[in-house]
Amino acid sequence: EVVSPQAAGTTVRVVGATGRVGRILVCKLLLRGYTVKALVRNRSGLATEALPDSVELVEGDVGDLGTCQKAVK
């Protein structure tokens with residue numbers, strides 16, 4: 001994959017990162033040089049093991065305002 005010049009210093013927040021499409025999206029973003037922060041329902045779940053260690057996980061519900069604010073800090 002090609003590293004994107006605009007990726008340096010850019011963090012992308014991904015909701016649904018443990019899903020089929022989300023995991024592919026996360027990998028593509030990392031290959032292009034982006035930093036990825038993922039909002040996940042259950043940090044200890046098996047699905048999070050499929051994500052690379054470099055992905056920062058924020059546990060919570062996308063429907064909860066406090067969780068979403070925490071994810072974008």
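Is Val12 buried, exposed or partly exposed? Val12 counts as partly exposed, because its relative accessibility is 22% and that class lies between buried (under 20% relative accessible area) and exposed (over 50%), with a 1.4 Å probe and protein chains only. The structure behind this is a predicted model, in which local features need pLDDT of at least 70 and side-chain atom pairs count only at pLDDT 80 or more, while totals for chains, interfaces and linings use all residues. Residues are numbered from 1 along each chain as its sequence is written, and side-chain values use heavy atoms, with hydrogens and water left out.

Now for the overall picture. The protein has two helices and three strands; these are DSSP runs numbered from the N terminus, with helices (H or I) of at least four residues and strands (E) of at least two. Read from the N terminus, the order is β-α-β-β-α. The radius of gyration is 12 Å, close to the 11 Å that the globule rule gives for 73 residues, so the protein is as compact as a globular protein of that length. That radius is taken over C-alpha atoms, and the rule is 2.2 Å times the number of residues to the power 0.38. Along the principal axes, the C-alpha atoms fill a box of roughly 35 × 25 × 20 Å. Of the 73 residues, 30% count as buried. As for contacts (heavy atoms within 4.5 Å), 44% of those with a separation of 6 or more are between residues 24 or more positions apart.

What sits inside? The largest nonpolar core has twelve residues, among them Ala7, Val14, Ala17, Val26, Leu29 and Tyr34. Such a core is a set of buried Ala, Val, Leu, Ile, Met, Phe, Trp, Tyr and Cys residues joined through side-chain atoms within 4.5 Å. Helix H1 (20–31) and strand E2 (35–40) each supply at least two residues of this core, and E2 gives the most, with three. In soluble globular proteins, nonpolar side chains tend to be buried together. Ala17, one of the core residues, is in contact with Gly22, Arg23, Val26, Ala38 and Leu51, leaving aside neighbours within four places in sequence.

Strand E2 also holds Lys37, which counts as buried because its relative accessibility is 7%. Beyond four places in sequence, Lys37 touches residues including Thr11, Val12, Arg13, Val14, Glu56 and Val58, as well as Lys70, Ala71 and Lys73. Two of these partners deserve a look. Val12, in strand E1, touches Leu29, Tyr34, Thr35, Val36 and Lys37, again not counting residues up to four places away. Val12 and Pro52 are 40 residues apart in sequence, and their C-alpha atoms are 15 Å apart.

Lys70 is found in helix H2 (residues 65–72) and counts as exposed because its relative accessibility is 51%. Apart from neighbours within four places, Lys70 is in contact with Lys37 and Val58. Glu59 is eleven residues from Lys70 in sequence and 9.4 Å away, C-alpha to C-alpha.

Finally, there is Ser4, in the segment before strand E1 (11–15). Ser4 is buried because its relative accessible area is 15%, and it touches Arg32 and Tyr34, not counting residues up to four places away in sequence.
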